[in-house]
Amino acid sequence: MSDLKPRTLISVQERLRDQVAHALRAALISGELRPGVVYSAPALAADFGVSATPVREAMLDLAREGLVEAVRNKGFRVTELTERDLDEYTEIRALIEIPTVGRVTRTATAEQLERLRPQAEAIVAAARKHDLIGYLEADRQFHLDLLGLAGNAHLVEVVGDLRKRSRLYGLTRLDQAGELVTSAEEHLELLDLMLSGDADAAEACMARHLGHVRSLWAEGQGEAEEPRPALKLRAR
């Protein structure tokens, strides 16, 4: 059995299913779980030091999010994303998020927008600390809370689902190159533009940010990363 990182240790005080699902999402983000590879619940359970049941349940949760797909009598295969998939996801997000940012700029109060500043700062702090999981969680919360100011819960749900399906691979290399910090700082720039009341500039910033995120994904795919040695999640 491989040595486990602290973030993957399962606490008996918490729900195993949620713990395992979080650890698996982290492994997807870092590239430890590889696209196209089939992983069995018993093998992953051995790595996590738990029974196969919570792992299987967590994988079913990820399957509902489109992150993995069940392979009969074998396990779960990590879903592969094509360039076209990412282009289409980015296009849909742009159609929704850019005009929504403009609308929120015109309608939200300064107090509502300022409440988002700690989240924007948390994104930058996580990028600087090389905390990839913290980065993505703060980024997700900022974007969804920002869209929530438009008052359309279904819109937020759609974007949340798109974000799950278009998760970023190769973040480790991008983090090491310092490129995530630039993307992180765009959140503060966007917030300041919205607070200034410049809806057009805020929409332009959002469009640039989405394009930047898409290009980061493409660059991350350009070089295959070696799996991190500390957590050797075993395929079937």
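The following legends describe an overall view and close-up views of a predicted model.

Local features rest on pLDDT of at least 70 and side-chain atom pairs on pLDDT 80 or more, whereas totals for chains, interfaces and linings use all residues. Residues are numbered from 1 along each chain as its sequence is written, and side-chain values use heavy atoms, without hydrogens or water.

**Figure 1. Overall architecture of the protein.** The protein comprises 11 helices and three strands; these are DSSP runs numbered from the N terminus, with helices (H or I) of at least four residues and strands (E) of at least two. From the N terminus, the order of elements is α-β-α-α-β-β-α-α-α-α-α-α-α-α. Of the 236 residues, 49% are buried (under 20% relative accessible area, 1.4 Å probe, protein chains only). Of the contacts (heavy atoms within 4.5 Å) between residues at least 6 apart in sequence, 75% join residues at least 24 apart.

Figure 2. Strand β1 (residues 38-39) pairs with strand β3 (residues 75-78) in the antiparallel sense over two bridges; pairing requires at least two DSSP bridges between the strands. Here Y39 lies opposite F76 of β3. Strand β2 (residues 68-71) also runs antiparallel to β3, to which four bridges join it, and V68 faces V78 of β3. The hairpin of β2 and β3 has three residues between its strands, and N73 adopts a positive phi near 65°.

**Figure 3. Packing of helix α4 against helix α8.** The axes of α4 (residues 83-107) and α8 (residues 153-165) come within 10 Å and cross at roughly 145°. Axes are lines fitted to C-alpha atoms over the stretch in contact, and angles run from 0 to 180 degrees between N-to-C directions. The crossing is left-handed, that is, the near helix is turned anticlockwise from the far one by less than a right angle. Helix α4 contributes Y89, I92, R93, I96, E97 and T100, and α8 contributes L155, V158, V159, L162, R163 and R165. These contact residues comprise seven nonpolar, one polar and four charged (nonpolar: Ala, Val, Leu, Ile, Met, Phe, Trp, Tyr, Cys and Pro; charged: Asp, Glu, Lys and Arg; polar: the others, Gly among them).

**Figure 4. Packing of helix α6 against helix α7.** The axes of α6 (residues 117-128) and α7 (residues 132-148) come within 8 Å and cross at roughly 160°. The two helices are therefore roughly antiparallel (angles over 145 degrees), and α6 passes α7 in a left-handed crossing. Residues Q119, A120, A122, I123, A126 and A127 of α6 meet G134, Y135, A138, D139, Q141, F142 and D145 of α7. This contact divides into eight nonpolar, three polar and two charged residues.

Key
Parallel < 35°, antiparallel > 145°, perpendicular 65-115°, else oblique. Buried < 20%, exposed > 50% of the residue type's maximum accessible area, 1.4 Å probe, protein only.
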